[in-house]
Every structure is written in structure tokens, then in C-alpha cells.
Amino acid sequence: MADNKALTPRATDFSAWYNELIMKAQLADYSPVRGCMVIRPNGYAIWEQMQAALDRMFKDTGHQNAYFPLFIPQSFLAREAEHVEGFAPETAVVTHGGGKLLDEPLVVRPTSETIIYAMYAKWIQSYRDLPLLINQWANVVRWELRTRLFLRTTEFLWQEGHTAHATEAEAEAETLMILGLYRNFMEQWMAMPVLTGRKTNSERFAGALRTYSCEALMQDNKALQAGTSHNLGQNFARAFEVRYQSQEGKEEYVWNTSWGVSTRLVGGLIMTHGDDTGLICPPRLAQYQVVIVPIYKADAERAAMLEAADKVKAELQTAGIRVHIDGREGIKPGAKYYEWETRGVPFRFELGPRDVAGGTVMLARRTGGAKEPLSLEGIGPRMVQEVGRMQHDLLNAATLRREHNSFRHPETKQAFIDYLEGGGGFVYAGWCGDPAVEAEIKEQTKATIRVIPDAEFRSSEAPAKCIWTGRPAVAEVVWARAY
RNA sequence: CGGGACGUAGCGCAGUCCGGUAGCGCACUGCAAUGGGGUUGCAGGGGUCGCGGGUUCAAAUCCCGCCGUCCCGACCA
């Protein structure tokens, strides 16, 4: 096991807390290769739960999985001007194979648009082939200078959806549908509230027409871009000659979308719910939703408690609850409690002789509150209810925190600056639409426009003026320092 | 790539100034007791002191070179 000391409190050093939590909960470890990360079983289990939920959602909306290769001919990347400009600086390039210099270097995919649309060009002939809705689960490599476990690593795991449509409207509808799907996943599964909206041009995906994103606010009041969905327009279709014959018999370029979420979400989960004890994993994503700690003295008691635990486990499993019995010997119950709390298990059952005699278990919730004896009668349905409630409570608490750390209608430029420099979260303010102003604000405050928010997130009264220049505002935008 | 710090057991460190048997805490292994919130006791295992060279009877320690890591700045899911 890892060391037994408490974590650095979040208030003391948030970043140290984050790193220590990951080590202590054994979610990941540093690899021998700089910037890379080993995802350990505890961390990978969360990712697997995420994958399972998202994969179901993608399939329910008509997508199929496929797999495209890791290596991309370097020339492919160059075919779309903005794309190559955006990604070339951070690619890893393979120059040798089998001991020989390659005729053409191979890029290790930083994202797969180019190779996928090269293939789509072969597969799509007619409007009858559209829409083409494909997703892939893959690893990608981006040669980052500054890395953080889960949040930004040189190699990371993700899914990337790539679709082709006959019309711009269809592509836009797909882009927005996925944005909503992501939001739903983040709220309902991760219990992580997000703002949705459009990115400004400077934050747009390299090669996209428009980029939309989900933005979450972490406990240190920094924003996390949690997922993006791009309307690629016909940029890649033109670069890769992805054309189809329309119903009217005309040759047209397809309209593409691409969208992705990554293992970064695990980092978002940690920084949304974690506390000074460790991880708090929302029950819907937890590897184990309930851990049973048997309590005993003599050997005879141990056997009886384990047997009772098995029965409880079976009942919970029947109700669809994921359960683990911690029957390890030589570790005191208290030590087990701390360990499972660090790992974020939502519910703990303590099961000892007194409970068995009384037909109860002692329930402890990871989110706090007093321990509570539960009757074994109907324990399955009861825990299903508890899972739903904790899921709801976590989302609620995170939403309240975000709103508490949001600032609408700063009166003056100085108030805007003060809020950001004082460690504030999301600031809603008017913007004149000038990219130079956006850059200047970033320069001075380190904050960027996270998103031009969707209608439901906008302030009831739209700001009339740009917070920086006083010129007429083209939109209300959300500013924050970001990961 | 620029500025700063640091490399000694799995982790955290002391020892380096002033050369002389490689240590401490935690973790780990075994046994026993303990067991409803981080358990004690006893006994153990584990080190090319980042790498290479030099000085010296003798180098973790002094000198030279290299490598690596972390933090701060320019780029980013």
C-alpha cells in the first residue's frame, strides 16, 4: 500500500493535493518516459465505466465503432492548412522502421481526421452512403511540454467520433447532438456540471468551422475543457476529396463532424468531487459502489462474518449494485476505512457480530454524515435508492459551488480583473469580438474565453458593452483561467 | 528552449561544508497478540550513494564532464 499519511489539504496546495491523491488512491503513476502516464487498475476501472456509458450512448444514437491505424503518413497532416499548423508542432514522428530510414516519415496520430477522411473518400460515393457515423476508441500522442497526470499527458486515451453528412444543417445537428450527449454524460454520470457553448476562433479546433465545448469549473476555480464537438464544414472533405453524388446527380463535398472526450475526464472527476481525504467517485462510475468490511475477533467470528457478508453481497448484486468484500487479514477495520475512503468508494458497510445479531449493517457514506444502521431487509432496493440520491447530491453540490464561484455583470474592468486575480471562477462579461482584445486579456489576466455560452447559461440581461474596451458587445462570454 | 533547485533503499529525507564501516522515518517480509476509525511487540530483507572520469592510502563527501527529474516562463484535450 501507499503511505498512510494524510493528503496535503486542497486549501494549502491544490496541485500537490491532486498529485498525492492520484498516487495514494493508486489511480495512475509516472512512466519512465517523460510526460507519459501509467493508468493503474483503480484509475482504469473508472475509465472503463466511463467508456461503457459513453459507448452505449454513441450506439444508441446510431454510431458504430471502428479502428484506424496509429501511424499517419506525414503528408496527410499537411493537406489541411490549419490542421497541420495546429498539430505539427506537437507530433511525434517515426523516421525509421526495421532499421531503415523510411521513404516518408510517419506521424503518430495526434488525432485522426486525416487518415479517417482519406478512408471516407474511398467509402463514400452516393448520398445513400450518408450519414456515415463512426467512433473509435484509441490512444493519441501530442508532444506536450508541460504535463499533468490525466489532465495533459503526452499519450492519452480517448474516443474520437467522425461523421460525414450530406448537408451543413445535418452536420451542425450532429455536432450539437453530441455536445448535448456529452453534457448529459458529465452531469448524469460524472455529477460534473458543465457550461456548453461555442469556442471563439482562437480556441477553435485546427481545421474546424466551429468548435463547441463543455466547460467545467474545478475546485481551485480553474476551468477544464471537458469535451469538444467540432463542425468541420467541408474543410477536410475538400482536402481529402470526400465527395458524394446527390439525389439530383450532382457531385458534392460531404460535411464532417468530429468530437472527443479523453482520460482527462478522470482528472475532472477528481477535481470536481475530491476532498482532503481523497477521491469521491460518483456511484454510477464507481468500480465498487459498496465495500463491505467484516469485523471480527476470533477465527470463528471471522468465518461467520464473511459468510454474512457473502449473503449481503449477493443481495446487492441482485439489485445491480457493484460490491466488494474486504476480507484482508492483519489490517484493522479503521485502516480499511481510510483506504477505501481515499479510493473514493461511495458506500461502506461495516458488518460485525452486533449487526448480524440484529439483522442490520452499519452504512457509512463517502459524502459524510453519521453512520447509520440499515436493516438487511430490502437492502438491495434501498441501496439502489441511495446510489441515486448520492448521484443527485453530488451534482447539486458541484453546481452550487460553480454558481457560488461565478461572477456575472462585473461593473468595471477593474472588478473583472480583480475577480480573476483573486482566484475567482467563471466571469460572464461582454466582449466586442476583437481577437486582439481576447489576446490582450489573456496576456494580462491569464484568463481565456472558455465559451460563448448557450442560451440557457447566459445572464438574463445581456451585457451591452465589452468589459475591456467599452465598445458594443457582440456576445456575453465566459472568462476563466483554465487547465 | 531560457531562469532556479535537486539526484543517497519503494517513498520522504539526514550524512556532503571539514574525505575514514551508508544511516533515519514510513513502507515491505515473518511470527505472535490485537481487531466497531490509521494496532503493538519481536525478528528480518532491501543500496552500482544519477552516470563517467580525475585527485587521494581512502570519495556519497573534493574537482571536471555528462545525464536526468522537478518548479517558474513561451505552446496545449
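These questions and answers walk through some backbone and side-chain features of a predicted model.

Me: What is the omega of the peptide bond from leucine 130 to proline 131?
Reply: Most peptide bonds are trans. The bond from leucine 130 to proline 131 is cis. Its omega is near -10°.

Me: Where is proline 131 found?
Reply: Helix H5 covers 113–123, and strand E7 covers 132–141. Proline 131 sits in the loop between helix H5 and strand E7.

Me: What is the phi of alanine 191?
Reply: Most residues other than glycine have a negative phi. Alanine 191 is not a glycine, yet its phi is positive. The value is about 55°.

Me: Is alanine 191 buried or exposed?
Reply: Alanine 191 lies in the loop between helix H6 (168–188) and strand E9 (195–198). Its relative accessible area is 0%. Buried means under 20%. Therefore alanine 191 is buried.

Me: Which loop holds histidine 409, a residue with phi near 55°?
Reply: Histidine 409 is a residue other than glycine with a positive phi. Strand E20 spans 406–408, and helix H13 spans 413–421. Histidine 409 lies in the loop between strand E20 and helix H13.

Me: Is histidine 409 buried or partly exposed?
Reply: The relative accessibility of histidine 409 is 36%. Buried means under 20%, and exposed means over 50%. The value for histidine 409 falls in between, so the residue counts as partly exposed.

Me: Which strand holds glutamate 350?
Reply: The strand in question runs over residues 347–351. Glutamate 350 has its place there, in strand E17.

Me: Is glutamate 350 buried or exposed?
Reply: Glutamate 350 has a relative accessible area of 7%. The cut-off for buried is under 20%. So glutamate 350 is buried.

Me: Which side chain makes a polar contact of 2.8 Å with the side chain of glutamate 350?
Reply: The side chain of glutamate 350 has a polar contact with the side chain of arginine 348, at 3.0 Å. Another polar contact, of 2.8 Å, joins glutamate 350 to the side chain of lysine 371.

Me: How many salt bridges does the structure hold?
Reply: One of them joins the side chains of glutamate 350 and arginine 348, at 3.0 Å from N to O. Arginine 348 counts as buried, at 8% relative accessibility. The structure holds 28 salt bridges.

Me: How far apart are the closest N and O atoms of lysine 336 and aspartate 326?
Reply: Lysine 336 and aspartate 326 are both buried. They form a salt bridge, and a salt bridge needs the nitrogen within 4 Å of the oxygen. The closest N and O atoms are 3.8 Å apart.

Me: Which residues are linked with Lys199 in a network of salt bridges?
Reply: Salt bridges can join into a network, and Lys199 belongs to one. The residues linked with Lys199 are Glu203, Glu215 and Arg450.

How values were computed:
Residues numbered from 1 in each chain as written. Chains lettered and ligands numbered in written order. Predicted model: local features only at pLDDT ≥ 70, side-chain atom pairs only at ≥ 80, totals over all residues. Heavy atoms only, no water. Helix = DSSP H or I, 4+ residues; strand = E, 2+ residues; numbered from the N terminus. Buried < 20%, exposed > 50% of the residue type's maximum accessible area, 1.4 Å probe, protein only. Polar contact = N/O pair within 3.5 Å; in protein donor to acceptor, adjacent residues only side chain to side chain.
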